[in-house]
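Here is a short briefing for a first look at this structure. Keep the view open while reading.

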Amino acid sequence: MLDIKLLRDNPELVDRGLKRRGLAAPLDHFLELDARRRSLLTEVEKLKHKRNVVSEEIGKLKKAGKEPVELIAEMREVSQRIKALDEEIRAVEEELDKELLTLPNLPHSSVPDGSGPEDNVVVRTWGEKTSFSFTPRPHWEIGEELGIIDFERGSKVAGARFVFYRGAGARLERALINFMLDLHIEKHGYTEVFPPYLVNSQTMIGTGQLPKFAEDMFHVTGTDYYLIPTAEVPVTNLYRDEILDGDLLPIYHVAYSACFRAEAGAAGRETRGLIRQHQFNKVELVKFTRPEDSYEELEKMTRDAEEVLRLLGLPYRVVVLCAGDLGFSAAKTYDIEVWFPAAGTYREISSCSNCEDFQARRANIRFRPSPKEKPRYVHTLNGSGVAVGRTLAAILENYQREDGSVVIPPVLRPYMGGQEVIARKGS
RNA sequence: GGAGAGAUGGCCGAGUAGGUCGAAGGCGGUCGCCUGCUAAGCGAUUGUACAGGCUUCAAGGCCUGUACCGCGGGUUCGAAUCCCGCUCUCUCCGCCA
């Protein structure tokens, strides 16, 4: 969430930031509530002070053998007044909190203006678009023909947007996961964590999914458990309500997890194939940094994610999201888009964001710069490193051959028992 | 799932016939002294949040108050201490991958 002091002291700045996102925020109402809260606080704190002083006095009198009847009666009234005021404050704070928790992060100054994906700006491109001597086919056709992806049975067993991988497909998915994890652990210095897939609502608030985006998630009925939409959620919340030693920063974590998304409202958009599933695999990068380092760390993290695609030989480009296309918690985001030859388009395969202190403030994640100094909020970053299912799809399309077989990228072969090609049984 | 025990400050750990407890003591940290250096020793200091006031160009600093002894509620003039509910941890039993 945003700093309440920033809203108070500099509402025009906040307003400008939210406008860039295409939002008109009701800041007047907010400021009103805030002023009301503070005046109530002043009043009730004075009364509490009185109660504390007089109560102590009563104790002394009683010890001296006296019975201060009028004082006790007076304090009884004071206590009732305090109770009423506390109740009022709670109500105001609840409303204030609700508003604060539904305001998105402000875009960083380096983020371009714009209202949607069409205004995102390409910052670099890597690799040549794959060329074919035949018409490349979409990955779902290739996968079904090879018998390595089974959409139909996925629908039967679970429903639309669920899939079975089988045989070399299942192994390829697993190979990708291990390849990505090993790369980030061994070469980029990340520490692996394996998180819970179910988390509580407080965790979901910490990273910004709740209270605003409940309909995007799967919720376990009758419990406070939600299926994670990304490992970013549990991993960022790892250090919730903690004060980290400044020497530990920056912290790099990498986590594999399955991800679960309700995809409400996504009907009809890219429904085919592996692109948009209710459950998919992802290797996620999460960083906790000092505020002054976070933008440099964002660049590094993006490069770390890009290297996955370079090693796999998949052509891609990096775009910086415009203000209007930014996610709720992000101040700046780079999307990495991989080339899909059948559709002739680049598609998102990774999203690397700096959330600055937006999540840290919600989740109360702080660090002590040095033993003498006061705690400060860390900056949190997260990025896909990268989405596994989409990578598998991209491999099928970019590495397909005319006979329907698919070459396995060399870096993955050690993870595939040396297998070099996936071909139809019997061919 | 059943039975029992517990949850106190960065960590460990006192404190329950309710009042002077933001909380003994220790460790760790910081500052100073001492030592040729290091270690040891001596002394001082050391929580967080919110609100108000003072101060600074600012970062920040100072003062006052309030809250916080797992979380939420209750009793009381007054609760770390009493009562109720919940959560989590540990031990034993059952079950299970």
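Predicted model: local features only at pLDDT ≥ 70, side-chain atom pairs only at ≥ 80, totals over all residues.

In it, 28 residues surround RNA strand B.

**Around RNA strand B**
- The closest residues are Ser55, Lys63, Arg76, Ser79 and Arg90.
- Helix H1 (4-9), helix H3 (27-63), helix H4 (69-102) and strand S13 (365-368) each supply at least two residues of the surface near the RNA.
- Of the RNA atoms within 4 Å of the protein, 72% belong to sugar or phosphate. The rest belong to bases.

- The side chain of Ser79 has an N or O atom 2.7 Å from a phosphate oxygen of RNA strand B.
- For the side chain of Arg368, an N or O atom is 3.3 Å from a phosphate oxygen of RNA strand B.
- The side chain of Arg366 places an N or O atom 3.1 Å from a sugar or linking oxygen of RNA strand B.

**Helix H7**
- Helix H7 (residues 168-187) has 20 residues.
- From first C-alpha to last, H7 reaches 27 Å, close to the 28 Å expected at 1.5 Å a residue.
- Buried residues in H7 include Leu172, Leu176, Phe179 and Leu183. Glu173 and His184 are also among them.
- Just after H7, Gly189 takes a positive phi of about 80°.

**A nonpolar surface patch**
- Leu198, Val220 and Tyr225 form a nonpolar patch on the surface. Together they have about 250 Å² of accessible area.
- Tyr225 is found in strand S6 (residues 225-227).
- Tyr225 is partly exposed, at a relative accessible area of 43%.

Methods:
Residues numbered from 1 in each chain as written. Chains lettered and ligands numbered in written order. Heavy atoms only, no water. Patch = residues over 30% accessible without salt bridge, like charges linked within 9 Å, V, L, I, M, F, W, Y side chains within 5 Å. Areas by Shrake-Rupley, 256 points an atom, 1.4 Å probe, with all protein chains shown as cover. Salt bridge = Lys/Arg side-chain N within 4 Å of Asp/Glu carboxyl O. Helix = DSSP H or I, 4+ residues; strand = E, 2+ residues; numbered from the N terminus. Buried < 20%, exposed > 50% of the residue type's maximum accessible area, 1.4 Å probe, protein only. Expected span 1.5 Å × (residues − 1). Near = heavy atom within 4 Å. Polar contact = N/O pair within 3.5 Å; in protein donor to acceptor, adjacent residues only side chain to side chain.
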